[in-house]
Amino acid sequence: MEMKHSSSRPPRLHVLLLLALAISAILTIMEAYAQSRWYAGYYYAGYEIYAPWGVSGRIITIDTSLPSSGTAVAWHVTVVLSYRERYWIQLGYEESYNYPFFHYHSNPLYYWECVSKLGKYYHQNLRTGPAAGSWHIYQIYYAHSSQYPKRWVLSIDYGSYQLTCDVEPYEPKDLQALVEVVGSSRIIIDGGHFKDLSRYIGRRWSLWDRHVAYWDPPYQVRPVFRNDCRYSCEFRVSGGG
């Protein structure tokens with residue numbers, strides 16, 4: 001006669017196998033999330049220094065096709081306040097397909113971010129954006145206000161759109177000009193172009209005098225040579241798909 005197993009509990013080996021599979025699935029999800037961002041562009045230094053008190057750049061507008069939900073692409077300039085604490089001020093334009101959740105716009109929109117001890121504001125969009133193929137200048141600079149010593153100014157096209165934010169810490173540690181791809185490396189950034197990258201020194205603007213090019217495959221950065229800044233103030237980006 002065949003023996004019947006009367007217990008409803010699975011054998012111990014099966015329990016361990018199910019636990020191992022669950023842990024593997026969690027690690028796979030965490031790894032996918034960790035690799036869900038790609039960057040291409042310039043850092044002023046690439047590490048914390050006593051950085052200039054502002055960043056400026058002209059960026060061409062690319063109307064990018066987003067392949068799936070949970071994806072986005074942003075083109076921006078950034079003042080880094082702390083790499084360790086992940087504090088920054090950022091200005092640019094973006095396209096988003098449900099990233100973050102229920103955040104969708106198929107046309108480029110201007111956006112800004114101020115992230116510091118005083119508060120975290122992610123992806124605050126203006127109600128308008130740049131037209132495809134158009135150039136616009138994005139500037140972030142210290143306000144030099146005795147009344148508001150922690151205030152910075154974010155400006156598009158020399159004040160056509162302008163706002164301020166107070167941050168802590170408020171001293172700049174690095175500058176960036178980057179394309180940021182979220183969710184899928186199938187997003188194509190061909191035709192991307194940054195130029196006239198400038199730093200704010202003594203209440204005047206001067207072209208970048210140094211740079212560190214950075215890119216995550218499958219994206220590329222091509223520095224552009226100029227007599228007034230050599231390779232430090234203009235570059236093109238491409239890749240994806």
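Predicted model: local features only at pLDDT ≥ 70, side-chain atom pairs only at ≥ 80, totals over all residues.

Residues are numbered from 1 along each chain as its sequence is written, and side-chain values use heavy atoms, with hydrogens and water left out.

**Exercise 1.** Work out how the bonded cysteines pair up.

*Solution.* Start with the count: the structure holds two disulfides (cysteine sulfur atoms within 2.5 Å). Cys114 is bonded to Cys165, with 2.1 Å from S to S. Cys229 is bonded to Cys233, at 2.0 Å. Now number the bonded cysteines in sequence order, and you get 1-2, 3-4.

**Exercise 2.** Find the handedness of the link between Cys114 and Cys165, and say which parts of the chain this link ties together.

*Solution.* Look at the torsion about the S-S bond: it is about -80°, so this disulfide is left-handed. Strands here are DSSP runs of E, at least two residues, numbered from the N terminus.

**Exercise 3.** Classify the ring pair of Tyr43 and Tyr214.

*Solution.* A search of the whole structure gives 17 aromatic pairs (Phe, Tyr or six-membered Trp rings with centres within 6.5 Å; planes under 30 degrees apart are stacked, over 60 edge-to-face, the rest tilted). For Tyr43 and Tyr214, the centres are 5.9 Å apart and the planes are at 75°, so call the pair edge-to-face. Tyr43 sits in strand S1 (residues 37-43) and Tyr214 in strand S13 (residues 212-215), 171 residues apart. As for accessibility, Tyr43 is buried at 16%, while Tyr214 is partly exposed at 33%.

**Exercise 4.** Find out which side chain makes a polar contact with Glu113.

*Solution.* First locate Glu113: strand S5, residues 104-116. Then look for its partner: a 2.8 Å polar contact joins its side chain to that of Trp88 (N or O atoms within 3.5 Å; within protein, one must be able to donate a hydrogen and the other to accept it, and residues adjacent in sequence count only if both atoms are side-chain atoms).

Notes: Helix = DSSP H or I, 4+ residues; strand = E, 2+ residues; numbered from the N terminus. Buried < 20%, exposed > 50% of the residue type's maximum accessible area, 1.4 Å probe, protein only.
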